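The points are grouped by topic.

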Amino acid sequence: SYVNTREILDKASKEYYGVAAFNINNLEFLQAILAGAAEKKSPAIIETSEGAIKYAGMGDYFKGARIFVNMVKEFANDLDIPVALHLDHGKDFNIIMACIKAGYSSVMIDASHYDFEDNLRITKDVARIAHAAGVSVEAELGQLAGIEDNVEAAENVLVNVDQAEKFCAESEIDFFAPAIGTSHGAFKFKGEAKLDYDRLKKVKEITGKPLVLHGASSVVQEYVKIAEEHGADFGGSKGVPSDVLKETVKFGINKVNTDTDLRIAYIAGLREYLDNDSKQFDPRKYYKVAMDYTKQVVMDRIDILGSAGKI
Ligand SMILES: O=C(COP(=O)(O)O)N(O)CCCCO
Ligand code: NA
Ligand SMILES: [Zn+2]
């Protein structure tokens, strides 16, 4: 069934497990994600960046938002698992409004590159409007380094715990994304993957809200290897190890944003297929391995985060 994201995350926050939020740009990733989540009897949060919405609508983001709402609802209505659709990194007020109007379950207002007062003011405005339309809201404090899609920042700025308290108390948001040392993309750490668990624990205690981890992909080396065996160059790629991910869930992370892991699994499967079948030109065939690997990553991630059977 198609649900409000709060239904999924309030339960996860109470019971201390994580729910992956998987990014999509097209039909094939959506099919792979929902197949994996359904098989694991897990809730599923589908999310789209502003770039994905412009991509799907061929520049018309009202159309793009409606396309994703209709695709997700069509599948969700026939599934026994709860499915939500979320706008990831909403920055453009018009796109946020288009998603609310189209029927998204939740929207992120990402004003984290503004100063604190402006971030709080903008977030309060969006929360008031979204809530009036029955849509839940995510916002972020601190910044992730790394450039991906149209989401970029110079360097890591870790969340300030005192600011988090004021921000969560006054902004009326439903989910909160504290920056604790991750970054977007496939090259997250030069050395060891270290996240600020202490800051995370304090934010959970103080806010009591469902928390979001951005830049949470693990960059699974099994699929990096397959992609590189078939011509990819992902040298130096490193993500959040699964044991570190489990620690963040233990300390209160509930929504685990995952884009890069699906992208790597998909391109690994596509490269492998194209190298092995020079005669094929049916997209339902040559996307198959890509979708199978993506589904496998979805199921593995659900096992790591503990959301299997939580419906
Ligand atoms: O936080 C994340 C997940 O990041 P990643 O999957 O790279 O670790 N996202 O918000 C996904 C989209 C980033 C911009 O395209
Ligand atoms: Na988000
Ligand atoms: Zn993010």
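In the residue classes used here, Ala, Val, Leu, Ile, Met, Phe, Trp, Tyr, Cys and Pro count as nonpolar, Asp, Glu, Lys and Arg as charged, and the others, Gly among them, as polar. By these classes, the shell around ligand 1 holds two nonpolar, ten polar and five charged residues. The model is predicted: local features need pLDDT of at least 70, side-chain atom pairs count only at pLDDT 80 or more, and totals for chains, interfaces and linings use all residues. Residues are numbered from 1 along each chain as its sequence is written, chains are lettered from A and ligands numbered from 1 in the order in which they are written, and side-chain values use heavy atoms, with hydrogens and water left out.

**Ligand 1**

- There are 17 residues around ligand 1, and Asp88, Lys188, Ser217, Asp259 and Thr260 come nearest; a residue is near a molecule or strand if one of its heavy atoms lies within 4 Å of it.
- Strands β3 (83-90) and β10 (253-258) each contribute at least two residues to the shell around ligand 1; helices (H or I, at least four residues) and strands (E, at least two) are DSSP runs, numbered from the N terminus.
- Lys188 places a polar side-chain atom 2.5 Å from an oxygen atom of ligand 1.
- For His214, the separation between a polar side-chain atom and an oxygen atom of ligand 1 is 3.3 Å.
- In the side chain of Asn257, an N or O atom is 3.4 Å from an oxygen atom of ligand 1.
- On its own, ligand 1 has 400 Å² of accessible area, and the protein covers 100% of that area; accessible areas come from the Shrake-Rupley method with a 1.4 Å probe, and for residues only the protein chains shown count as cover.

**Glu47 and Asn257**

- Asn257 also takes part in a polar contact of 3.3 Å between its side chain and that of Glu47. A polar contact is a pair of N or O atoms within 3.5 Å; within protein, one must be able to donate a hydrogen and the other to accept it, and residues adjacent in sequence count only if both atoms are side-chain atoms.
- Glu47 belongs to strand β2 (residues 44-48).
- Glu47 counts as buried because its relative accessibility is 0%; buried means under 20% relative accessible area, exposed over 50%, and partly exposed in between (1.4 Å probe, protein chains only).

**Zinc site (ligand 3)**

- His89 (NE2), His184 (NE2) and His214 (ND1) coordinate the zinc ion at 2.1 Å. Donors are N, O and S atoms within 2.8 Å of the metal (3.2 Å for Na, K and Ca); water is not among the atoms, so sites may look incomplete.
- The sequence spacing of the zinc donor residues is H-x94-H-x29-H.
- His89 in strand β3 and His214 in the loop between β9 (211-213) and α9 (221-229) are 125 residues apart, so this pair links distant parts of the chain.
- Both His89 and His214 are buried.

**Sodium site (ligand 2)**

- The sodium ion is coordinated by His86 (NE2), Asp88 (OD), Glu138 (OE), Glu138 (OE) and Lys255 (NZ), at 2.5 to 3.1 Å.
- The donor residues of the sodium ion follow the spacing H-x1-D-x49-E-x116-K.
- A distance of 5.6 Å separates the sodium ion from the zinc ion.
- Another link between distant parts of the chain is formed by Glu138 in strand β5 (residues 136-141) and Lys255 in strand β10, 117 residues apart.
- Glu138 is buried, and Lys255 counts as buried because its relative accessibility is 0%.

**Aromatic pairs**

- The whole structure contains eight aromatic pairs. Rings of Phe, Tyr and Trp (its six-membered ring) pair if their centres lie within 6.5 Å; planes under 30 degrees apart count as stacked, over 60 as edge-to-face and the rest as tilted.
- Tyr266 and Tyr287 form a tilted pair, 6.1 Å centre to centre with 40° between the planes.
- Tyr266 is in helix α11 (residues 260-276), and Tyr287, 21 residues apart from it, is in the loop between α12 (283-286) and α13 (288-305).
- Tyr266 counts as buried because its relative accessibility is 8%, whereas Tyr287 counts as partly exposed at 25%.
- Phe29, Tyr266, Tyr286 and Tyr287 are linked by ring pairs into a cluster.

**Positive phi values**

- Lys41, a residue other than glycine, has a positive phi near 50°; Lys41 sits in the loop between α2 (27-39) and β2.
- Val219 is not a glycine either, and its phi is positive at about 55°.
- Val219 lies in the loop between β9 and α9 and is buried, with a relative accessible area of 2%.
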